Amino acid sequence: MENIYLTIALAPLLGAIIAGFFGGMLGRKATHTITILGVLVSTVLALYVFNHHVLEKGEIFNQNLYTWMQIGSLNISVGFLIDNLTSVMLVVVSFVSLMVHIYTIGYMDDDDGYTKFFSYISLFTFSMFMLVMSNNFMQLFFGWEAVGLVSYLLIGFWHHKESAVEANLKAFLVNRVGDFGFLLGIGLVLAFSGSLDYAEVFSSLDNTTNQQLWGLDLITVICLLLFVGAMGKSAQVPLHVWLPGSMEGPTPISALIHAATMVTAGIFMVSRMSPMFELSDVALTVVMVIGAITALFMGLLGIVQNDIKKVVAYSTLSQLGYMTVALGVSAYSVAIFHLMTHAFFKALLFLGAGSVIVAMHHEQDIRKMGGLRKKMPITYWTALVGTLALIGFPGFAGFYSKDMIIEAVHFSSLPYAEWVYYAVVAGVFITAFYSFRMFFLVFHGKSRVDHHTEEHLHESAPSITFPLIALAIPSAVIGYFTIDPMLFNGWLDNAITIDAEKHVSMTELSNIFHGAAAMIPHAVQTLPFWMMVGGIATAWVFSLYRTQWADWVQNKFHRTNYALESLYGFDRFNEIVFVGGIKKLGNLLWKVSDMGIIDKIAVNGSARLVGFIGSVVRPIQTGYVYHYAFFMIFSLLIILTWVLFAGDNPLLQIEF
Amino acid sequence: MVSLSDYLILSAVIFCIGLVGIFINRTNIITLLMCVELILVAVNTNFIAFSHFLGNEAGQIFVFFILTVAAAEVAIGLAILTLLFRNKGSINVDVTNSLKG
Amino acid sequence: MMNTFQFDTALLLVALPEIFLLSSIVVILLVDLFLTKGFKQVTYYLTQFSLFITGLLAFNLIGHPETVIFSNSFVLDNMASVFKVFMMGATMVAMVYSRHYLTQHSLFRGEYFVLVLLSVLGMMVMVSGYSLLTLYLGLEILSLSLYTLIAIARERSGAIEAALKYFVLGAIASGLLLYGMSMIYGISGSLNISEISAFASDANLGSRETLIINFGLVFLVIGIAFKLGAVPFHMWVPDVYQGSPTSVTMFLSTVPKIAAVAMLVRILIDGLGAMHPYWSDLFMVLALLSIALGSVVALMQTNIKRMLAYSTISHVGFIMLGFVTGVVTGYGAATFYVLVYVFMSLAAFGIIILLNKKGFEADQISDYKGLSKHSPWFALMMLIVILSMAGVPPMLGFYSKFFILQQLVSAGFVTIAIIAVVFAVISAYYYLQIIKSMYFEDSEKEIVVSAPMDMKLILSINAILILVIGLFPDFWMKLALSLF
């Protein structure tokens with residue numbers, strides 16, 4: 001088996017290397033054939049592994065393959081841990097990646113960076129495999145950084161676009177915050193367990209009992225720090241600001257990286273760490289609340305977006321919030337379940353959006369579309385499947401996963417769970433509203449497409465429509481078929497630990513579950529279903545039936561609208577705190593100089609404060625040597641005073 | 001009988017004069033060099049005093065080395081001073097502030 | 001001190017690298033005098049040759065049992081030998097880069113090489129110094145050579161200004177260091193490190209003795225902090241880095257840091273290790289100040305040399321944090337960090353020198369605009385170096401930071417580690433500026449890389465190794481750990 005696991009990871013890497021170094025020589029056709037072949041091999045083998053582990057209940061594979069370094073007793077290795085969780089992730093990642101590879105042939109057809117792009121996405125696939133297959137924290141972190149790096153490269157892929165570069169930098173910087181939190185968490189894990197291996201860490205969790213750090217339990221601090229990492233990668237409030245910006249990258253990577261796989265790495269990581277999170281109710285509550293905030297408020301932002309990709313991006317944020325909520329209420333398998341269904345239908349929606357964008361000659365404003373249904377039938381029907389799955393229409397994939405999340409919250413006994421329940425139910429309405437608003441505006445109603453584009457409007461090439469169909473099928477049915485084994489029949493049991501006595505959500509869920517088919521008629525009697533119907537109806541009214549009402553509402557509630565359109569001021573807040581704050585700090589000591597990127601992002605208007613404090617502190621580096629000398633000697637005096645008088649050493653008592 | 005502490009206080013005073021001289025002086029770089037010398041003299045006083053009262057000659061040997069190094073240091077200092085004068089036409093401390101921030 | 005003066009030629013072998021280097025310096029100085037204009041390159045090759053042989057001799061002494069000679073004032077242990085080998089290697093690389101710079105800017109003179117060799121000799125003495133006297137002498141040989149090296153660009157007022165500032169502040173710092181030494185001598189009655197150590201670790205130390213040792217300790221720490229360039233004794237660093245000829249900046253920002261760390265180890269750990277609780281607090285404050293100020297102020301710089309100066313200050317903070325831990329592995333982590341830092345810094349300055357032309361210093365960040373277009377290879381090399389400095393895995397720079405942070409956390413300094421990490425995040429911003437210039441901006445100016453083949457080759461190897469060693473860091477970490 002070991003060789004099979006290795007092949008899964010290395011096949012895309014090989015493809016990436018060949019495409020990266022010899023792409024120019026081989027030409028386009030050979031390049032995409034090789035990379036697709038690499039991913040195809042991985043996909044087939046991933047299915048085999050899935051069969052072996054999940055269906056045939058094979059043994060968990062946990063082995064170090066190569067020792068990277070050995071510091072004292074600390075061993076850092078490259079190793080694989082293949083259990084059912086990993087198997088599920090492997091299938092999802094490889095399948096979506098394969099679809100995106102195929103899709104790219106059509107989508108990037110007219111781009112100069114064709115071979116480079118294939119190389120990047122194959123490299124990404126490799127990194128993602130390493131991340132999910134890891135058996136230790138270090139490799140997890142490396143995979144984490146590697147997927148991040150490829151993601152930055154791809155966001156800035158069209159680097160002649162100013163906005164792409166800015167988005168790229170923003171993604172990099174915001175993720176640094178998350179990554180360092182994550183790294184600190186890993187450091188603390190290392191500190192208490194002396195190891196980075198998952199199995200060893202989980203078996204030494206007893207060491208943390210009754211240990212305190214900063215007034216919190218040690219395990220809480222660790223979980224919170226790890227969760228900061230997850231917040232960065234999985235774009236949870238307030239570290240979510242990079243994800244909408246990342247839409248500047250080509251659409252295939254929005255589907256692969258920023259919807260289906262990389263952004264769910266945080267969800268995966270928390271599930272992997274379930275033995276740790278289970279020990280801390282405080283951490284779980286934080287996870288749940290952050291998730292609920294993200295789910296609700298990011299959905300609201302989706303309503304006011306007019307860029308087709310931005311709408312899907314905000315919906316991704318909101319769905320990630322749902323997954324995080326599921327993690328918070330200890331329904332890890334539900335989170336992974338939603339991760340899986342979401343990967344399919346969100347990749348589908350993104351690729352569908354990409355298909356529309358190509359047809360519209362890279363016009364992304366949904367106000368300038370409309371009536372595309374007739375011109376693009378395949379895109380239309382697949383997008384309908386994706387949308388229904390997203391809003392959780394009974395029977396579709398998203399229905400099962402989302403319904404389970406809502407029910408899980410309902411049963412949770414954590415503090416604030418009640419509020420979170422209302423938030424996620426309200427989220428259903430909002431999801432339905434923005435999804436169908438976009439759907440109606442794009443595909444229905446009168447055409448608002450300009451004349452020139454209208455003439456050339458036609459269905460996309462087969463390499464684009466094939467992945468759409470291939471993704472539409474699981475989006476429709478996968479929930480129905482997998483809900484029972486995945487949640488209640490132990491597919492994930494050997495990877496996830498739940499303290500069933502304290503956190504009862506999963507037990508309660510299995511009590512009320514009577515089969516996938518029975519859920520559909522039952523759903524009609526529940527609140528979420530009617531919220532969804534209400535959302536669709538509202539969307540219909542505002543975008544098709546009485547479009548002028550939308551304007552009226554917008555005018556009437558311009559303040560709310562402003563808050564939404566300015567993204568709740570989060571961007572501005574982050575600019576001030578993370579970028580501007582640092583900048584100000586620098587300015588306090590130094591003169592304002594006009595240069596580069598930081599200035600462009602940073603807020604203006606700090607000049608007066610800067611001038612004042614600057615005039616006080618500026619003599620430090622005046623260039624005059626006597627000031628330097630004075631500063632040195634002044635520091636000496638302060639240090640002397642501190643050292644000699646801080647302790648019980650009264651200087652005056654010395655006698656020689 | 002002059003006690004050890006008398007020597008130490010003397011040297012501390014010289015040391016402080018040297019230090020203060022460096023940043024109080026805002027005119028001439030040669031004064032800077034003289035202040036540096038004062039600091040070294042203070043240290044030498046310390047060493048000799050300790051050496052004498054400890055009955056241990058290592059401190060006095062150290063002083064010889066410090067004297068030698070001080071001579072070399074002054075030679076280099078004056079050389080830099082000459083170059084400065086050639087470049088800026090002045091040996092005023094205030095002329096050296098083009099590097100800052 | 002009643003030691004009988006031992007003189008045994010076999011013992012001299014222990015100091016063979018130093019003796020060889022000193023003789024070569026004399027020979028090179030003489031040879032250079034008789035070389036006519038066309039043959040000045042001979043000095044360069046002789047320099048490289050003697051560095052190489054010295055390194056080889058030092059290499060042979062690795063594994064030699066710890067020996068103290070010259071009346072207990074010169075020690076040879078593994079740390080000394082390994083440091084010397086590293087210093088020789090780094091100096092050789094620095095000389096390869098320097099040659100290009102010196103020829104471009106008509107600074108190619110024999111004295112330059114002789115002064116570099118002299119400062120290397122001073123550093124070797126510092127590394128092996130086992131009494132306050134030898135340490136001081138080594139330090140002065142190093143400092144005096146550096147002052148002169150900076151002023152070697154006689155026509156540049158910036159260089160002269162830098163030399164003057166470095167000289168004045170350096171003299172004050174060594175005055176403070178000496179004052180501290182005199183205090184330690186006065187209370188312990190000895191200049192010898194092992195005797196000081198025996199005195200300081202005496203359990204019956206009275207409060208008066210402790211107080212005076214503390215008093216002296218403050219001065220010693222300040223002297224060392226100055227040499228390292230730690231805040232608040234960092235004022236000279238940016239000015240000197242910016243003003244000096246780039247090749248000198250490269251040299252003085254790299255190799256002397258190893259020597260400074262060695263001096264730190266000799267005085268504060270070998271000598272006053274028992275006083276660790278007293279100086280570690282002080283170190284912690286200086287280290288955090290350095291990391292903070294270095295990270296924040298670097299953000300405001302437009303001059304890349306000055307920016308690297310502030311980045312050095314923040315790196316120094318990390319190195320000092322390794323010594324705060326008070327455990328042997330922490331010291332190992334700090335040593336690893338300094339060696340990695342030297343490696344990265346060499347490559348970074350190498351790229352700056354690479355882009356130099358006659359009458360043009362590539363020292364503005366804006367000079368790197370569009371580098372990825374004009375020279376994609378070296379843009380990639382610079383990218384590796386910058387990412388490494390920012391601490392992005394799997395570059396070498398990540399491990400050094402990780403190692404330090406890991407040691408801090410396991411020694412219980414979690415809050416300190418967090419503060420350090422926060423500023424490490426901030427420092428990512430300014431490193432990003434360079435990457436942005438190189439990859440996302442275009443310039444009208446053509447960038448021509450005119451350096452000779454040997455420099456391009458060594459520079460490429462240097463940068464690639466940052467990545468490659470990053471993939472296999474095991475050996476080097478163990479090496480650093482084995483020194484304590």
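I began with the contact between chains A and C in this predicted model, and found that 47 residues of chain A and 48 residues of chain C take part. I then looked up which elements give two or more residues to the chain A side, and noted β1 (61-71), α4 (137-155), α5 (162-193), α25 (570-589), α26 (596-601) and α28 (625-646) of chain A. The largest share of that side comes from α5(A), with 13 residues. By class, I recorded 34 nonpolar, 10 polar and 3 charged residues on the side of chain A that touches chain C.

I turned next to chain B, where 12 residues of chain A are in contact with 16 residues of chain B. On the chain A side of this contact I noted 8 nonpolar, 3 polar and 1 charged residues.

For chain A itself, I noted 28 helices and 4 strands, and that buried residues make up 55% of its 656 residues. Of the contacts in chain A with a separation of 6 or more, 80% join residues 24 or more positions apart.

I then followed one helix pair, α9 (residues 251-260) and α14 (residues 332-359) of chain A, whose axes come within 9 Å and cross at roughly 160 degrees. Because angles over 145 degrees count as roughly antiparallel, α9(A) is roughly antiparallel to α14(A).

Conventions. Residues numbered from 1 in each chain as written. Chains lettered and ligands numbered in written order. Predicted model: local features only at pLDDT ≥ 70, side-chain atom pairs only at ≥ 80, totals over all residues. Contact = placed C-beta atoms within 7 Å. Nonpolar A, V, L, I, M, F, W, Y, C, P; charged D, E, K, R; others polar. Buried ≥ 20, exposed ≤ 12 C-beta atoms within 10 Å, placed from the backbone. Axes fitted to C-alpha atoms, helices over the stretch in contact; angles between N-to-C directions. Parallel < 35°, antiparallel > 145°, perpendicular 65-115°, else oblique.
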